[in-house]
Amino acid sequence: MNVTLLFFLAFILHFKSKCSANVASSCPYPPSRWCSTLDSAVQCGVLKHCLQSNLTKWHQAEEPVKMEVFYESLCPDCIMYLTQVLYPTWVLLQDILSVHLVPFGNAQEAHNGTKYIFKCQHGEQECLGNTIQACLLNMSDNAFLIIFCMEASSDVIAAAKTCVQLYSPELSWDRLMTCVNGDLGNQLMHQNAVRTNSLDPPHQFVPWMTINGEHTEDLQKKAVTSLFPLICSMYKGIKPDVCGGSGRKHLRI
């Protein structure tokens, strides 16, 4: 039912209640059903309460769809996915899509007794790119923007400093590199290794996606070929206009 009409009915009921103080006494419904329909709310004299209750629920946002992306900073397929699929979708759906990036992918980890040593699929430069991005994700609220900027550049590593200055000027390059070259960066990469290696089922390639903690062949395929409609369909709240929704939710009573 139209929200405006419901408020109009509530206005009428407010004045009717002055003339009939015993309206609730004629209520034939148990309390659990008072707000189930418009008639029950009117007969039981609780329309205002039901409206307020529904409006509270109406304004409660549902949890966004949670997506984890396991990737490598110099992997061509990962670069294409991040820049041409994931980032554009996130820009449009960031109110209903939460993205968590995990740069590690097919790298290997070993411990030399002092720190973790990483061997990356695309060489040492990729390990550097992975660690830069791991530190960015830990240090900047604009990490996704910076990572997109890096991945969209012809030289991912060389672009890092400029991208940081552009999207997170408050983060100094020296401070970021202290993370990259120090214990923090080493631990962040170890955490990414643990998270990647604990995937169930284990990842077979990159980019590898989980959605709301789940990975299936069907979800992976849709995340690659039709991410936008997938996120729109999986979001349980009010669909944003870009999903084809009205941006509004009608009250049930």
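Helices and strands here are DSSP runs, numbered from the N terminus. The model is predicted.

The largest pocket has a volume of about 460 Å³. Its lining consists of 18 residues. Nearest the centre of this pocket lie K115, F118, T131, V180 and N186. Four elements each supply at least two residues of the lining: strand 4 (116-119), helix 5 (124-139), helix 8 (173-181) and helix 9 (183-197). By class, eight lining residues of the largest pocket are nonpolar, six are polar and four are charged.

The second largest pocket has a volume of about 380 Å³. It is lined by 22 residues. Those nearest its centre are V99, H100, L101, L137 and N138. Strand 2 (97-103), helix 5, helix 6 (143-151) and helix 9 each give two or more residues to this lining. Strand 2 gives the most, with seven residues. The lining of the second largest pocket has 12 nonpolar residues, along with seven polar and three charged ones.

V242 is found in the segment after helix 11 (227-234). V242 counts as partly exposed because its relative accessibility is 41%, and the partly exposed class lies between the buried limit of under 20% and the exposed limit of over 50%.

Technical notes. Residues numbered from 1 in each chain as written. Predicted model: local features only at pLDDT ≥ 70, side-chain atom pairs only at ≥ 80, totals over all residues. Heavy atoms only, no water. Buried < 20%, exposed > 50% of the residue type's maximum accessible area, 1.4 Å probe, protein only. 1 Å grid on protein atoms, 1.4 Å probe; cavity = no way out; pocket = protein on both sides within 12 Å on 5 of 7 lines; lining within 4 Å. Points joined across faces, edges and corners; volume = space filled by probe spheres on them. Nonpolar A, V, L, I, M, F, W, Y, C, P; charged D, E, K, R; others polar.
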